[in-house]
Amino acid sequence: MAEKFMERKIQLLVITCIWALIPFQLRAQGFEIFTNASEAPLQTAISGNKPTAGKPKSEYKLYNLQFDSLQYVPPYSYFSSNQLSRAIANQDYKNWPASSNPEVEALVKNTNCGPLVHYLYTQHFLFIASVATGHIFIYHRENKSISYLKVDGMPFGLCFNPQKSELYYTGVYSRSVGIIQIETANLVDSIRLNGQSGRFLAIDENKQLLYAGVRSCRSLAKVSLQKKQLVDFVKTGNKPGPLWLDPYNNLYLIQEHKTVIAKFDATTMQLLESRQLNIWPQLIQYNPPMHQWLLKDSSNSVLAKDSLYRNHNFYQQTALDSSGRYTWIISSYTNPKWAWVKKKEFEMAGIKSYISSMHDGYYRLCAGLYPNQEVAVAEKLKFPALFEGAWLLTIHPHKF
């Protein structure tokens with residue numbers, strides 16, 4: 001008994017030493033989460049795009065969609081279309097938090113915008129979408145002229161393409177991305193999505209690909225602006241919220257479910273990682289150079305930072321492949337560092353293991369790849385302590 005205890009003690013000491021040698025960013029995957037974080041310096045790309053703090057003294061609810069600024073998240077981001085319609089009809093929006101922007105408010109007072117307004121700044125234009133009335137306004141910031149059009153589907157998300165001089169929008173009641181030509185303020189085309197109720201949008205640096213969160217089927221959709229068609233999509237598992245696309249081909253998404261931040265490969269649409277934040281954000285401050293997000297509700301704040309935004313290969317090295325038919329599911333973890341500790345225990349025993357990120361912020365540790373159940377069970381019997389509580393999974397070729 002004493003010998004087994006000493007053997008186990010030595011094994012734990014070795015694991016601790018190995019753990020200390022693993023670079024921190026690999027132990028923690030990419031996301032580092034800090035609670036009760038202090039506010040980082042706000043970096044605003046476009047002048048005049050910083051809303052004032054505090055509750056606005058206005059009958060309008062203005063929501064900023066500029067993702068490199070201070071962004072108020074509409075409380076109805078995850079509402080169904082019927083829920084949102086009832087909230088508008090019953091005027092439940094009056095106590096919702098919103099930004100205060102004098103320039104936007106001056107414009108909406110002179111237009112038929114209704115109470116709920118989404119706006120997006122660019123260098124030369126200010127775009128305004130009225131969620132309630134279905135109007136989209138195009139304001140030329142230099143010559144102060146304004147044009148508008150009425151669209152169907154209760155517009156929600158906005159995204160601008162300066163190369164083609166096009167504005168893209170999604171709708172709560174729509175199954176498409178609408179394309180508006182800026183010069184004429186006309187709806188010129190639409191691209192069908194994989195479901196109804198598109199929400200937030202993001203566009204790549206080359207202005208060739210557009211990404212949309214689709215609520216009805218809980219997925220991320222990728223649209224080719226050149227082909228004018230949907231080219232790929234991936235299930236998110238949760239209702240998609242705000243999303244961002246960085247120059248390193250990372251597609252970040254805030255999801256409902258204790259609030260999860262997830263990272264996808266924008267090319268393959270593969271889920272790379274997700275973490276639970278345990279906060280329902282009313283305010284998001286995104287700092288692109290630092291690859292970090294400050295999320296706040298009425299009383300709490302969480303800082304999420306991605307330290308692996310340049311390294312997609314790391315995720316490929318740890319992901320489970322389909323070369324076997326069976327694997328053992330060891331456990332699931334909310335913090336990847338504990339999965340890494342257990343992973344090293346299996347590797348010390350000569351058993352290859354894998355860490356798969358799930359959509360709900362959990363990390364699943366899998367051990368071994370086996371051609372049949374008999375071989376899998378035989379290995380488990382050799383290491384009963386390591387495989388304690390594990391269950392056998394049949395590997396579907398598209399599951400991981």
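# Exercises on a predicted fold

Asparagine 250 is a residue of strand S17, strands (E, at least two residues) and helices (H or I, at least four) being DSSP runs numbered from the N terminus. The model is predicted, so local features require pLDDT of at least 70 and side-chain atom pairs pLDDT 80 or more, whereas totals for chains, interfaces and linings use all residues. Residues are numbered from 1 along each chain as its sequence is written, and side-chain values use heavy atoms, without hydrogens or water.

## Exercise 1. Asparagine 250

Determine whether asparagine 250 is buried or exposed, and identify its contacts beyond four places in sequence.

*Solution.* 
1. The relative accessibility of asparagine 250 is 0%, and the residue is therefore buried (buried: under 20% relative accessible area; exposed: over 50%; partly exposed: in between; 1.4 Å probe, protein chains only).
2. Its contacts (heavy atoms within 4.5 Å) are, neighbours within four places aside, Trp244, Leu245, Lys263, Phe264, Leu272, Tyr309 and His312.
3. Between the C-alpha atoms of asparagine 250 and alanine 262 the distance is 9.9 Å, with twelve residues separating the two in sequence.

## Exercise 2. The nonpolar cores

State which residues of the largest nonpolar core touch the most other members.

*Solution.* 
1. This core (buried Ala, Val, Leu, Ile, Met, Phe, Trp, Tyr and Cys joined through side-chain atoms within 4.5 Å) has 63 residues, and Phe127 and Trp293 touch the most other members.
2. Strand S17 (residues 250–255) supplies four residues, the largest share of this core.
3. A separate core of 21 residues includes Leu272, Trp328, Phe346 and Ala376.
4. Beyond four places in sequence, tryptophan 293 touches Phe31, Trp244, Tyr252, Ile261, Ile284, Gln285, Tyr286, Val302, Leu303, Ala304 and Asp306.
5. As background, nonpolar side chains in soluble globular proteins tend to be buried together.

## Exercise 3. Helix H3

Identify the buried residues of helix H3 and explain how they are arranged around its axis.

*Solution.* 
1. Helix H3 spans residues 81–89, and its buried residues are Ser81, Leu84, Ala87 and Ile88.
2. These residues lie on the same side of H3 because they cover an arc of only 125° around the axis, judged by the directions from the helix axis to the C-beta atoms.
3. The elements against which the buried residues of H3 pack are S4 and S12.
4. Glutamine 91, which follows H3, has a positive phi, near 55°.

## Exercise 4. Two further positive phi values

Locate asparagine 278 and histidine 291, and decide for each whether it is buried or exposed.

*Solution.* 
1. Asparagine 278 has a positive phi, near 55°, and is situated in the loop between strand S19 (271–276) and strand S20 (283–287).
2. Asparagine 278 is exposed, because its relative accessibility is 56%.
3. Histidine 291 also has a positive phi, near 50°, and belongs to the loop between S20 and strand S21 (292–296).
4. Histidine 291 is buried, because its relative accessibility is 3%.

## Exercise 5. The largest pocket

Give the volume of the largest pocket and name the strands that supply at least two lining residues each.

*Solution.* 
1. The volume is about 960 Å³.
2. The lining comprises 35 residues, with Gln66, Asp68, Ile203, Lys207 and Leu245 nearest the centre.
3. At least two lining residues each come from strand S4 (116–121), strand S8 (155–161), strand S12 (198–203), strand S13 (209–214) and strand S16 (240–245).

## Exercise 6. Leucine 392 and glutamine 181

Find the contacts of leucine 392 and of glutamine 181 beyond four places in sequence.

*Solution.* 
1. Leucine 392 belongs to strand S26 (residues 391–394) and is partly exposed, because its relative accessibility is 25%.
2. Its contacts are Tyr326, Thr327, Trp328, Gln373 and Ala376.
3. Cysteine 366, 26 residues from leucine 392 in sequence, is 9.5 Å from it, C-alpha to C-alpha.
4. Glutamine 181, in strand S10 (residues 176–181), is in contact with Lys164, Ser165, Glu166, Asn186 and Val188.
5. The C-alpha distance between glutamine 181 and lysine 164 is 8.4 Å, at a sequence separation of 17 residues.

Definitions and conventions:
On a 1 Å grid over the protein atoms alone, a cavity is a set of points where a 1.4 Å probe fits but cannot get out, and a pocket is an open set with protein on both sides within 12 Å along at least five of seven lines; lining residues have an atom within 4 Å of a point. Grid points are joined across faces, edges and corners, and a volume is the space filled by probe spheres set on the points.
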